[in-house]
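Colleague: I would like to learn how to read a model of this kind, feature by feature. Could you take me through one?

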Amino acid sequence: MSQFNVLMGKELRESWRSFKILWIPLVFILLGVSDPILNYYLMDILKAVGEMPEGFQMVMPELSPADILAASTGQFQSIGLIVLIATFVGTISRERQNGTATLLYVRPISHMALFLSKWLVACLVAVISVIAGYAASLYYTVLLYGPVQWDQFIGMLATYLLWICLIMAVTVAMSAAFKTVIAATLTIIMVIGGTIFESLIGSFLSISPWKLPSSALSLLSDYYDRTNFILNLSLSTGLLIFFIVLGIFMCQRNASTTEI
Amino acid sequence: MGELQAVPWALIAPLLLIQLILMVVALIDLSRIHATNGPKWLWAIIIIIGNLLGSIVYFIIGRKQS
């Protein structure tokens, strides 16, 4: 346990010194704020940019608070996920490549403590970012569009946080298993590619791990499918445990590939 | 001046403030870091001109992680 505490402290210091714990939440806040404001002023922006043909009329859809939170989720799903994956994909493999890991692996350390400390700090940064982003988005949504029910919002947030922890587990496990470039490619194919795949033919599947974000949104509005909510939740939890075990195993197996 | 006062500053100001903080954080990091991928002055220009995207790109690919 003391080993884990030391490694955890080291990871926290590293994420503070490289400003990770500061700039990623800021990016998420900006992503969360941009959608409510942009949609609110869309008409004014179009007028100011001008060049509308004579007699041009446009009907804006009446947006509900849930629609705005869904739009913010869309931002987190694309730019937010890419930022998180790109930052944490090198967390184990880069240490192996540049030789820092030698200092760790010459000692009899537990690979479980090593992997868990990396994953927990990645999760911590991701969770802080997502909460900050949703809080900013919610603030503007309530201000401009109307109230959101608290219990629904917290349920949605909790479900989305499980999804983000799963993504971080995949990222760190891939980092343990492969070199940085391969790990980045595989994670982005699995996560972003999977999300695109899901949006194309997702309606034919009853459960899939990529359904979790839309399951989360289904708690807010009836537009999204809610039938297999519990099944999706347990599938994702299972995958989360699978990737953690895979990561610990790969950490152990690849320890010898460290360059000196 | 009338147009400037018509802008709803209470709504827009936090957005500008966060963007400014992000830029300052990126610039502080740039001044402290030993070496970057590519010339430092170029990154300073990218961070200042390409406000949100510039800072993100700097943090992801500009920092030399060693």
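**Reading the model from fold to interface**

Modeller: Of the 260 residues in chain A, 37% count as buried. Please keep in mind throughout that this is a predicted model.

Colleague: How many helices and how many strands are there in chain A?

Modeller: Chain A contains eleven helices and zero strands, and from the N terminus on its elements accordingly read α-α-α-α-α-α-α-α-α-α-α. Taken along the principal axes, the C-alpha atoms of chain A fill a box of roughly 75 × 40 × 35 Å. As for contacts within chain A between residues at least 6 apart in sequence, 85% of them join residues at least 24 apart.

Colleague: Let us take one helix, then; which residues of H1(A) are buried, and which are exposed on its other side?

Modeller: The general idea is that an α-helix has 3.6 residues a turn, so residues three or four places apart point the same way. In this structure, helix H1 of chain A runs over residues 2-17 and reaches 23 Å from its first C-alpha to its last, close to the 22 Å expected at 1.5 Å a residue for its 16 residues. Its buried residues are Leu7(A), Glu11(A) and Ser15(A). These lie on the same side of H1(A), because the arc that they cover around the axis is only 75 degrees. On the other side of H1(A), the exposed residues are Ser2(A), Asn5(A), Gly9(A), Arg13(A), Trp16(A) and Arg17(A).

Colleague: Against which helices do the buried residues of H1(A) pack?

Modeller: They pack against two helices of chain A, namely H2 (20-40) and H7 (111-144).

Colleague: Is Ile248(A) buried or exposed, and which residues does it touch?

Modeller: Ile248(A) lies in helix H11 of chain A, residues 229-253, and it is buried because 20 other C-beta atoms lie within 10 Å. Not counting residues up to four places away in sequence, Ile248(A) touches His111(A), Met112(A) and Phe115(A). Ile248(A) and Ser110(A) are 138 residues apart in sequence, and their C-alpha atoms are 9.5 Å apart in space.

Colleague: Where does UniProt place the feature "transmembrane region" in the two chains?

Modeller: For chain A, an unreviewed UniProt entry lists residues 21-42, 68-92, 113-141, 153-174, 181-209 and 229-251 under that name. Among them, residues 113-141 of chain A are 100% helix and 0% strand, with end C-alpha atoms 41 Å apart, and residues 153-174 of chain A are also 100% helix and 0% strand, with end C-alpha atoms 32 Å apart. For chain B, the unreviewed UniProt entry gives residues 6-29 and 41-61. In the model, residues 6-29 of chain B are 92% helix and 0% strand, and the end C-alpha atoms lie 36 Å apart, whereas residues 41-61 of chain B are 95% helix and 0% strand, and the end C-alpha atoms lie 15 Å apart.

Colleague: Which residues of chain B does the UniProt annotation "domain: Cardiolipin synthase N-terminal" cover?

Modeller: According to the unreviewed UniProt entry, that annotation covers residues 21-63 of chain B. This span is 79% helix and 0% strand, and its end C-alpha atoms lie 18 Å apart.

Colleague: Finally, how many residues does each chain bring to the contact between them?

Modeller: In general, the size of an interface is often given as the accessible area lost when the parts come together. Here we can count residues instead: the contact takes 15 residues from chain B and 15 residues from chain A. On the side of chain B that touches chain A, helix H2 (9-32) and helix H4 (51-62) of chain B each supply at least two residues, and H2(B) gives the most, with nine residues. By class, this side of chain B has eleven nonpolar, three polar and one charged residues.

Key. Residues are numbered from 1 along each chain as its sequence is written. Chains are lettered from A and ligands numbered from 1 in the order in which they are written. This is a predicted model: local features need pLDDT of at least 70, side-chain atom pairs count only at pLDDT 80 or more; totals for chains, interfaces and linings use all residues. Two residues are in contact if their C-beta atoms, placed from the backbone, lie within 7 Å. Helices (H or I, at least four residues) and strands (E, at least two) are DSSP runs, numbered from the N terminus. Ala, Val, Leu, Ile, Met, Phe, Trp, Tyr, Cys and Pro count as nonpolar, Asp, Glu, Lys and Arg as charged, and the others, Gly among them, as polar. The expected span of a helix is 1.5 Å times one less than its number of residues. A residue is buried if 20 or more other C-beta atoms lie within 10 Å of its own, exposed if 12 or fewer, and partly exposed in between; C-beta atoms are placed from the backbone. The arc is that of the directions from the helix axis to the C-beta atoms. UniProt positions are given in the numbering used here, feature names are shortened, and annotations may be inferred rather than shown by experiment.
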